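Here is a guided look at one protein chain, written for someone new to reading structures. Have the 3D view ready and turn it as you read.

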Amino acid sequence: MSSKANVAEDLYKKGYNCAQAVLLSFCEDHGLSKSLAARISNPFGRGISGTENICGALSAAAMIIGLDMGKELPDEDEKQKRTFETTFALFKEFEDKYGCLDCPSLLELDLPPFGDWARDEKLKKKNKNCPHYVRLAADLADKYSNI
């Protein structure tokens, strides 16, 4: 595992959500302030604000790929293609290891209907496996961003 994985896990254990922990571990590499990174990534935690979507750690890994190689102008189709292919490869490697990409499946939670506050309370409980997901997402972001 990369040193980024260690930093991300430490940040997660200090109370940052999964997305924040991963993105914050790459701030210095991209000249991104920690305050801005924490605010940008905040709603991506808990499967994008508890909506049963993609793992927040993976959302942050995709942000890192975008920071490294994403297109800035509408006509930069090659950059977009490379960004999408790289993100796909990163997600595929994560899925090959854990079998899924979405937060509730990773946490093995049976959730109440969307909009029920009890749902967010269940997602808020830190799963014993979340540090592993955070570590792997940071490690893969580091691996694929250096291609």
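Let's begin with a pair of charged side chains. E9 and K13 meet in a salt bridge, with 3.0 Å between N and O. Both residues belong to helix α1, where they sit four residues apart, about one turn of the helix. One thing to keep in mind while you look: this is a predicted model.

How covered are these two partners? E9 has a relative accessible area of 15%, so E9 counts as buried, the limit being under 20%. K13 is at 57% relative accessibility, and therefore K13 counts as exposed, which takes over 50%.

Now for a pair in another helix. The side chains of D96 and K92 meet in a salt bridge at 2.7 Å, N to O. D96 and K92 are four residues apart in helix α7, so about one helical turn separates them. At 56% relative accessibility, D96 counts as exposed, while K92, with a relative accessible area of 38%, is partly exposed. Back at E9, salt bridges with shared partners join E9, K13 and R135 into one network.

Here are the three bridges side by side; the structure holds seven salt bridges.

| Salt bridge | N to O distance |
|---|---|
| E9 and K13 | 3.0 Å |
| D96 and K92 | 2.7 Å |

Why might such pairs turn up at all? Side chains of opposite charge can pair when their charged atoms come close.

**Zooming out**

What is the chain built from? Its secondary structure comes to ten helices and zero strands. Of the 147 residues, 47% count as buried. The chain exposes about 8,000 Å², and carbon and sulfur atoms supply 53% of that area. Now take the contacts with a separation of 6 or more: residues 24 or more positions apart account for 62% of them.

**Into the core**

Which residues touch the most other members of the largest nonpolar core? That core has 39 residues, and the answer is V22, L23, A57, L90, F94 and V134. Several helices each supply at least two residues of this core: α1 (3-13), α2 (18-24), α4 (34-41), α6 (56-69), α7 (77-98), α8 (103-107) and α10 (130-145). The largest share, nine residues, comes from α10.

Leaving out residues up to four places away in sequence, F94 touches L58, G99, C100, L101, L106, Y133, L136 and L140. F94 counts as buried because its relative accessibility is 0%.

**Rings that meet**

A pair of aromatic rings is described by the distance of the centres and the angle of the planes. A search of the whole structure finds three aromatic pairs. In one of them, the rings of F94 and Y98 have centres 5.2 Å apart and planes at 50°, so this pair is tilted. F94 and Y98 both lie in helix α7, four residues apart, about one turn of the helix. Is Y98 buried, exposed or partly exposed? At 25% relative accessibility, Y98 counts as partly exposed.

Y98 also pairs with Y133: the ring centres are 4.7 Å apart and the planes stand at 90°, so this pair is edge-to-face. Here, too, the pair links distant parts of the chain, with Y98 in helix α7 and Y133 in helix α10, 35 residues apart. Y133 has a relative accessible area of 6%, so Y133 is buried. Put together, ring pairs link F94, Y98 and Y133 into a cluster.

K4 lies over the face of F26, at 5.2 Å from the ring centre.

Terms used. Residues are numbered from 1 along each chain as its sequence is written. This is a predicted model: local features need pLDDT of at least 70, side-chain atom pairs count only at pLDDT 80 or more; totals for chains, interfaces and linings use all residues. Side-chain values use heavy atoms; hydrogens and water are left out. A nonpolar core is a set of buried Ala, Val, Leu, Ile, Met, Phe, Trp, Tyr and Cys residues joined through side-chain atoms within 4.5 Å. Buried means under 20% relative accessible area, exposed over 50%, partly exposed in between (1.4 Å probe, protein chains only). Contact means heavy atoms within 4.5 Å. Rings of Phe, Tyr and Trp (its six-membered ring) pair if their centres lie within 6.5 Å; planes under 30 degrees apart count as stacked, over 60 as edge-to-face and the rest as tilted. A charge sits over a ring if NZ of Lys or CZ of Arg is within 6 Å of the ring centre and within 35 degrees of the ring normal. Accessible areas come from the Shrake-Rupley method with a 1.4 Å probe; for residues, only the protein chains shown count as cover. A salt bridge is a side-chain nitrogen of Lys or Arg within 4 Å of a carboxyl oxygen of Asp or Glu.
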